[in-house]
Amino acid sequence: MDLRIFTEPQQGADYDTLLTVARATEDLGFDAFFRSDHYVAMGGSDGLPGPTDAWITLAGLARETRRIRLGTLMTAGTFRLPGVLAIQVAQVDRMSGGRIELGLGAGWFEEEHTAYGIPFPKARFARLEEQLAIVTGLWSTEPGDTFSYDGRYYRLTDSPALPKPAQPKVPILVGGLGATRTPRLAARFADEFNVPFVSPEDSARQFGRVRAAAEEAGRAADDLVYSNALVVCVGEDDAQVARRAAAIGREVAELRAHGLAGSPDEVVDTIGRYAAIGSSRIYLQVLDLDDLAHLELIASRVMPQLD
């Protein structure tokens with residue numbers, strides 16, 4: 001089971017804080033550092049000192065880390081034109097020496113769009129399908145050839161399709177709980193399918209839909225990595241779990257029911273339930289970015305039991 005650190009910087013984190021967490025992620029042996037792609041805080045947080053841009057952040061971290069994978073859960077398709085996004089991600093991949101992964105979603109949080117003057121179209125899922133086709137098409141075009149695309153929402157004519165990423169193929173993550181279109185999109189484009197913040201039982205149902213869609217599309221279902229994103233709150237004892245839950249404004253019972261919460265052994269048991277339904281990677285949603293001791297506890301007491 002791979003454990004990855006997943007952050008929500010829109011809740012309040014500057015670049016230096018994210019760099020500190022990313023370096024701890026690397027030093028403690030986690031597989032990757034991922035971040036969300038949002039511009040407005042949620043749930044009553046003031047968001048201070050203000051938002052950081054996902055791909056500018058990852059560009060910086062690409063130069064200041066050495067081993068860990070870096071990526072987004074999920075880049076909002078509404079924030080960037082697909083041709084521009086392909087250039088940005090390819091450049092950051094080269095800056096990192098080939099450690100980038102792209103999670104791409106349709107975008108959903110209307111408030112951040114109105115706050116920063118970003119259009120919020122209705123047909124976001126249909127646009128996402130075209131965005132994925134364009135980004136992957138640009139990257140897969142042979143050097144010296146050109147790429148054109150004539151879709152309903154985007155048109156590209158004789159693009160030089162440059163630059164190319166450092167990796168032969170940047171892993172693409174698709175995720176969500178849609179029962180029909182999402183599995184089909186994952187089967188067509190994804191290297192990894194991610195289910196956020198649901199139970200093992202709900203995850204198993206969605207993984208099953210994706211596996212069936214992959215086979216319908218002529219892919220082996222096991223070609224994809226299946227993963228979960230879950231909030232994490234681990235403590236040496238009940239008092240420490242309660243303190244960490246309070247620090248992120250959550251209730252322990254709710255975290256135990258819907259996330260990874262409790263003692264290291266409890267969390268290992270819960271992770272085992274996800275492993276049993278085919279999940280091989282967990283994105284640990286870390287909400288208190290100043291609590292590096294939390295990461296140290298997970299690395300020393302949870303991770304060794306998963307080998």
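**Notebook: contacts and backbone of a predicted model**

I began with charged contacts and found that the side chains of Arg69 and Glu101 meet in a salt bridge, at 2.9 Å from N to O; I count a salt bridge where a side-chain nitrogen of Lys or Arg lies within 4 Å of a carboxyl oxygen of Asp or Glu. Arg69 lies in strand β3 (residues 69-72) and Glu101 in strand β5 (residues 100-105), so the pair ties together parts that are 32 residues apart in sequence. For the element names I used DSSP runs numbered from the N terminus, with helices (H or I) of at least four residues and strands (E) of at least two. Arg69 and Glu101 are both buried, where buried means under 20% relative accessible area, exposed means over 50% and partly exposed is in between, with a 1.4 Å probe and protein chains only.

I note here that the model is predicted, that local features need pLDDT of at least 70 and side-chain atom pairs count only at pLDDT 80 or more, while totals for chains, interfaces and linings use all residues. Residues are numbered from 1 along each chain as its sequence is written, and side-chain values use heavy atoms, with hydrogens and water left out.

**Other salt bridges**

How many salt bridges does the rule give? The count comes to 20. I looked up Glu201, which forms a salt bridge with Arg273, the closest N and O atoms being 3.3 Å apart. Glu201 lies in helix α7 (residues 200-216) and Arg273 in helix α10 (residues 264-276), so this pair ties together parts that are 72 residues apart in sequence. Glu201 counts as partly exposed at 42% relative accessibility, and Arg273 counts as partly exposed at 42%. I also noted that salt bridges with shared partners join Arg4, Asp31, Arg69 and Glu101 into one network.

**Strand β12**

I then turned to Asp2, which forms a salt bridge with Arg281, with the closest N and O atoms 3.3 Å apart. This pair links distant parts of the chain, Asp2 being in strand β1 and Arg281 in strand β12, 279 residues apart. Asp2 is partly exposed at 30% relative accessibility, whereas Arg281 is buried, with a relative accessible area of 12%.

How many residues of β12 are buried? Six of its six residues are buried, and I recorded the strand as mostly covered. In a regular strand the side chains alternate between the two faces of the sheet. In β12, Arg281, Tyr283 and Gln285 point one way and Ile282, Leu284 and Val286 point the other way.

Which strands pair with β12? I took two strands as paired if DSSP finds at least two bridges between them. Strand β1 (residues 2-7) is joined to β12 by six bridges, and the two run parallel; Leu3 stands opposite Ile282 there. Strand β10 (residues 225-234) is joined to β12 by five bridges, also running parallel, and Leu230 has Leu284 as its bridge partner.

**Aromatic rings**

I found five aromatic pairs in the structure. Phe34 and Tyr283 form one that is edge-to-face, at 5.0 Å centre to centre and 70° between the planes. Rings of Phe, Tyr and Trp (its six-membered ring) pair if their centres lie within 6.5 Å, and planes under 30 degrees apart count as stacked, over 60 as edge-to-face and the rest as tilted. Phe34 lies in strand β2 (residues 32-35) and Tyr283 in strand β12 (residues 281-286), so the pair ties together parts that are 249 residues apart in sequence. Both Phe34 and Tyr283 are buried. Elsewhere I noted that Tyr39, Phe79 and Tyr116 form one aromatic cluster.

**Backbone entries**

Most residues other than glycine have a negative phi, and most peptide bonds are trans. I therefore listed these departures. The peptide bond from Leu73 to Met74 is cis, with omega near -20°, and Met74 is in the loop between β3 and β4 (75-76). Leu162 and Pro163 are joined by a cis peptide bond with omega about 0°, and Pro163 lies in the loop between β7 (155-159) and β8 (172-175).

Ala161, in the loop between β7 and β8, has a positive phi near 55° and is buried at 4% relative accessibility. Phe197, found in the loop between β9 (192-196) and α7, has a positive phi near 60° and counts as partly exposed at 39% relative accessibility.
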